[in-house]
Amino acid sequence: MTAIPVLDLRRRDVELAPDLGRAFRDIGFVALEHHGVPADVIRRLYQAANAFFDLPAIDKKKVARPRPEQNRGFIAYGEETLARLAGRQTPPDYKEIFSIGPFDLPDDTYYTGPAAYPSFAPNVWPAEPPDLQSAMRAYWHAVTALAHRTLGICARALDLPPDFFAAMTDRQISMLRLICYPPYAQAPADGQLRAGVHTDLNMLTFVHADSDVGGLEVRARDGSWIAPRASADSYVVNVGDILMRWTNDHWLSTPHRVANPPAGWNRRRISVPFFFQANYDTVVSCLPTGGPPKYPPVSVGAYRAERFARTSNQIVNP
């Protein structure tokens, strides 16, 4: 496959299922058009994201990630190396991040007990910009609706009931990130990328971006790199490791990266990935998609904790 397939969500789910299944089998990525996330919700999010990343570093660090295992708050340049997800060592990714997880949680032990940590660790919100929190909350709700519809199409593509994943994602531990890729102040270090080659550890990732210059690239099976086109009316969606494991490798969690921009490029790029993940106590067992199971059962929480711990750097570069 030499291009990322594009699906129009104005079609019925039952019609989309074979095309989605084929794309996830052959490349692990698809672009979804006419997705239903309101344009105003997206616009407000980018405005708030740019305002946050415009703040002085000292102000952004007031909401720094509290602990390495918590994907919350501000993550500065030098604190993450995604290539470590695949066991590789490279210079740190050239980016900075603001991240949130689920919010407005019930006061019961599922969300507050020891097993809930760090999946339901509290979010860290900055005082400025004042509309960041409302913009991210509105976006979270809108893209979650898109994720649930996509999961229903996934189930149909796997010859499962459309609501197969519903009970395992009703208390999902997803993560929403605002990622700022600034212009390089100097030439990248040898082997340095905006985000190193990796696969995602969740179920499905929904990516919206404001530019495709120095953007996402997907590794095809022949080793070449495919660059999906960024569009205001499309999401690039990919299979994560959990869903690949669930389908017994019938669907691909494909390596991808964020490339460096051309030399001299002086504009920042904002990307908004939503990492949709199942409930932390969901046990993932291989579906009977052909052949013996390739993986033993594992809980989502245990898998996430082990994989994510690899990406955090202990020494922070200035």
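Q: Which residues lie nearest the centre of the largest cavity?
A: In this predicted model, the largest cavity has a lining of 35 residues. Strand 5 (175-181), strand 12 (269-276) and helix 7 (300-308) are among the elements that give two or more residues to that lining. Nearest the centre lie M175, R177, D200, N202 and F275.

Q: How many charged residues are in the lining of the largest cavity, and what is the volume of space in the cavity?
A: The lining of the largest cavity divides by class into 16 nonpolar, twelve polar and seven charged residues.

Q: Which element gives the largest share of the lining of the second largest cavity?
A: The second largest cavity holds about 120 Å³ of space and is lined by 15 residues, including A209, P228 and R269. The largest share, three residues, is from strand 7.

Q: From which helix comes the largest share of the lining of the second largest pocket?
A: The second largest pocket, with a volume of about 190 Å³, is lined by 13 residues, and W140 is one of those nearest its centre. Three lining residues make up the largest share, and they come from helix 5.

Q: How are helix 1 and helix 5 oriented: roughly parallel or roughly perpendicular?
A: The axes of helix 1 (residues 13-26) and helix 5 (residues 132-157) come within 8 Å and cross at roughly 75°. Angles of 65 to 115 degrees count as roughly perpendicular. Therefore helix 1 is, relative to helix 5, roughly perpendicular.

How values were computed
Residues numbered from 1 in each chain as written. Predicted model: local features only at pLDDT ≥ 70, side-chain atom pairs only at ≥ 80, totals over all residues. Heavy atoms only, no water. Axes fitted to C-alpha atoms, helices over the stretch in contact; angles between N-to-C directions. Helix = DSSP H or I, 4+ residues; strand = E, 2+ residues; numbered from the N terminus. Parallel < 35°, antiparallel > 145°, perpendicular 65-115°, else oblique. 1 Å grid on protein atoms, 1.4 Å probe; cavity = no way out; pocket = protein on both sides within 12 Å on 5 of 7 lines; lining within 4 Å. Points joined across faces, edges and corners; volume = space filled by probe spheres on them. Nonpolar A, V, L, I, M, F, W, Y, C, P; charged D, E, K, R; others polar.
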